[in-house]
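Q: I am new to this structure. Please take me through one part of it closely.

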Amino acid sequence: MKKRQFKKISAMLLAAALTLSVTACGSPSKETENTGNTSAAADTTAVSETEGAADTGEPEDFSIVLDWYPNAVHSFIYVAIEKGYYAEEGLNVRVEFPANTNDAITMTAAGKADAGLYYQPNIISTAVNQDIPIRILGTVVKHPLNIVMSMKDSNINGAKDLKDKIIGYPGTTDNEYFVKAMMEHNGLSYKDTTMQDVGFDLNSALISGNVDAIIGGYINHEYPSLLQEGYAVTYFDITKEGVPDYEELVLVTGENQVKNESDKLARFIRASKKGYQDMVDDPEGSLQILLDNQDEANYPLDPDIEKASMEILLPLMAGDADGFLEVNKESWQNTADWLLDMGLLNQAADINSLIAAIPQ
């Protein structure tokens with residue numbers, strides 16, 4: 001297979017991506033509104049929206065594009081919808097599922113969504129190298145979940161074992177960076193591997209034998225999913241192989257939204273923090289809200305896997321001195337410096353300009 005090089009998305013390609021993303025994500029089957037997926041959720045939300053409308057007027061629509069299909073990490077959003085926290089802030093939140101892996105960036109940058117969830121290294125490289133107008137609102141998961149996973153009989157136990165192997169990944173450039181860093185850390189070259197974009201089909205690409213290993217799968221989801229299905233898989237931690245600590249999942253928006261709708265964003269953040277606090281106080285109940293509102297036809301969730309995922313996620317969502325949806329400037333600067341040292345930025349990142357100053 002032809003080896004992939006680092007992607008440099010031109011303005012023309014980005015425009016095409018924006019058009020495709022907006023069309024695909026607009027499908028009613030790929031989004032969830034405050035009405036939820038069950039009659040019980042619909043009834044509860046309808047009451048909350050009515051009360052919120054009485055206080056703040058007609059609720060404003062607010063769309064958020066997820067990084068992936070809904071799972072435990074997104075519980076804070078579904079809790080805030082179910083319990084009326086967004087409605088109390090005068091918001092009617094619509095959850096959109098990505099049709100393309102970069103929808104959270106392209107749609108927010110184009111003003112086609114109010115906010116999105118994406119990955120720290122990709123946010124920095126996209127903003128700096130392509131001058132895409134995205135801004136950082138806050139961090140959801142403060143440390144990596146990403147792993148390299150393979151079948152046990154492949155004997156891939158570290159980055160040195162990736163030489164001459166095909167690695168499946170979800171098309172995001174951060175995973176290309178990580179493989180490059182790991183290979184060089186082990187005295188090898190990025191060219192010693194073949195990167196294959198498999199989109200969202202990471203697990204199926206691995207178990208079918210189409211790839212030798214995958215990166216972009218998470219320790220809290222892809223790995224336990226395959227174990228439960230009876231597959232003998234193994235993984236290694238990328239931060240043990242030359243990749244520095246970084247923030248996994250980040251809430252972003254567009255430059256225009258920061259300029260013109262900062263109050264709307266602030267209300268979303270306030271309500272989201274309440275949803276997160278409920279996750280901390282009642283993980284089981286919060287997870288049940290997610291499960292009750294899942295899109296079972298398209299994205300069925302396994303309660304046992306999501307419960308295990310929640311246990312892994314909560315410490316990583318709180319972590320360190322910064323609270324949920326707070327921005328750690330030092331972390332962003334460290335990641336930006338690493339990307340620059342790796343030759344993955346065409347200039348130094350101005351982290352201050354990337355951080356959205358949203359009054360709370």
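What volume does the largest cavity have?

A: The model is predicted. Its largest cavity has a volume of about 210 Å³. A search of the whole structure turns up 2 cavities of 30 Å³ or more.

By kind, the lining residues of the largest cavity split into 8 nonpolar, 7 polar and 4 charged.

Now turn to an open space. The second largest pocket has a volume of about 390 Å³. It is lined by 19 residues, and Tyr69, Asn203, His221, Ser225 and Glu229 are the closest to its centre. Helix H8 (202-207), helix H9 (222-228) and helix H13 (303-318) each supply at least two residues of that pocket's lining. The lining of the second largest pocket holds 8 nonpolar, 6 polar and 5 charged residues.

The axes of helix H6 (residues 120-129) and helix H14 (residues 329-341) come within 10 Å and cross at roughly 65 degrees. H6 and H14 are therefore roughly perpendicular to each other. Their crossing is right-handed. From H6, the residues Gln120, Pro121, Ile123, Ile124 and Ser125 take part in the contact. They meet Ser331, Trp332, Thr335, Ala336 and Leu339 of H14. The residues of this contact comprise 6 nonpolar, 4 polar and no charged.

Conventions
Residues numbered from 1 in each chain as written. Predicted model: local features only at pLDDT ≥ 70, side-chain atom pairs only at ≥ 80, totals over all residues. Heavy atoms only, no water. Axes fitted to C-alpha atoms, helices over the stretch in contact; angles between N-to-C directions. Helix = DSSP H or I, 4+ residues; strand = E, 2+ residues; numbered from the N terminus. Parallel < 35°, antiparallel > 145°, perpendicular 65-115°, else oblique. Left-handed = near helix turned anticlockwise from the far one by under 90°. Contact = heavy atoms within 4.5 Å. Nonpolar A, V, L, I, M, F, W, Y, C, P; charged D, E, K, R; others polar. 1 Å grid on protein atoms, 1.4 Å probe; cavity = no way out; pocket = protein on both sides within 12 Å on 5 of 7 lines; lining within 4 Å. Points joined across faces, edges and corners; volume = space filled by probe spheres on them.
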